[in-house]
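Come along and check each entry against the picture.

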Amino acid sequence: MVKPVAVSGVQPSGEIHIGNYLGAIKQFVELQEKYQTYFFIVDLHALTENPDPQKLREQTISLAALYLACGLNPKKTTLFIQSHVPAHTELGWILNTLTPLGELQRMTQFKDKSEKHGVLAGLLNYPTLMAADILLYRPEVVPVGEDQVQHLELTRTLARKFNSKYGKTFIEPRALVEKDVARVMGLDDPTKKMSKSAANPNNYINISDSPDVIRKKIKVAVTDSGSEIKYDLQTKLGISNLLSIYSVFSGNSIKSIEFKYSGKNYGIFKSDLSELLVEKLSPIQKKYESFLKNKKSLMKILDDGSKKANKTAEKTLKDVREKIGLI
Ligand code: AQP
């Protein structure tokens, strides 16, 4: 039986944090069992923030090592670097020609990021390139965090538009959002999502953070007035965020954690959460270090992945070129 396809990617725009892990990478690892999966490192998207070239190279390699350390298996998953598959940019351009400017200008991520980086055309066109990344592989599902759902809606709209203008070509993919951890919030400000590019390092826990750094960041994580360990998104955003993180990493329900900590104070809960994170992240960190040491085999995995991805992507692109009248 042919397996359905799942596609997604992460930007090498900084250290990967537990939001990226829970919202995206953890799901990728689960999906590779039932889906034919294409997961990649979206280096072209990272350019929208004008990164330092050497840093971009290092972060690209380190994200590949991290994907593998988290459990992506190159025998099951096609793992590659976005810029190694030129079809992404070509289809991205073609989709731009179908996209009204207003659709791009109303994107929340564009509005947020253009405040930080200025209004760059690349940032505006980010969602059309993302639509190309996805549609080339004709996936049924795209595992993402909640912040990317708006971009996925645009992807669906563009697929529909293309299909109705030129004939059935693309599948309209659906977002696969893990509800419990759809949006891990910043530890320093639980009203905003945890983000790699946050100015304050206490905003996030990186997968590679040492035990001491994890303990320190959880200790200073913003909590709320009061002392009860209770999930309540109206009055206890900070503690609710920490409870969600505890719940997914421990596999226990929020209710059972509330029960365990009833009558106990924030300090005890935070200290246990730190130890849980140290315990769960340290095996990933060990594997990550060993993948990073073996760069040759890492590059071989990425090369094999891009060969496979190019084959699939070129097939879709050939169909697109013919339909739109390119010779
Ligand atoms: N806080 C989050 N909670 C849950 N999921 C999240 N994701 C990102 N932040 C959270 C999911 O991680 C995947 C990869 O994200 P990305 O690197 O492509 O870009 P992003 O969404 O812009 O992530 P960041 O960390 O906020 O990076 P910067 O600061 O560089 O923009 C996506 O599936 C995303 O939903």
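I first noted what a pocket is: on a 1 Å grid over the protein atoms alone, where a 1.4 Å probe fits, a pocket is an open set of points with protein on both sides within 12 Å along at least five of seven lines, and its lining residues have an atom within 4 Å of a point. A volume is the space filled by probe spheres set on the points, which are joined across faces, edges and corners.

This is a predicted model, with local features needing pLDDT of at least 70, side-chain atom pairs pLDDT 80 or more, and totals for linings using all residues. Residues are numbered from 1 along each chain, and side-chain values use heavy atoms, without hydrogens or water.

**Entry: the pocket.** I looked up the largest pocket and found a volume of about 1,200 Å³. Its lining has 49 residues, and Gln 109, Lys 113, Asp 147, Lys 193 and Ser 195 lie nearest the centre. Helix H6 (108-117) is one of the elements supplying at least two lining residues; H6 gives the largest share, six. (Helices are DSSP runs of H or I, at least four residues, numbered from the N terminus.)

**Entry: the ligand.** Where does the ligand sit? I found it in the largest pocket, a term that asks for more than half of its atoms within 2 Å of the grid points. H1 gives the most to the shell around the ligand, four residues.

**Entry: polar contacts.** I looked for N or O pairs within 3.5 Å. A polar side-chain atom of His 17 is 2.7 Å from a ligand oxygen, and one of Ser 13 is 2.9 Å from a ligand oxygen.

Key: A polar contact is a pair of N or O atoms within 3.5 Å; within protein, one must be able to donate a hydrogen and the other to accept it, and residues adjacent in sequence count only if both atoms are side-chain atoms.
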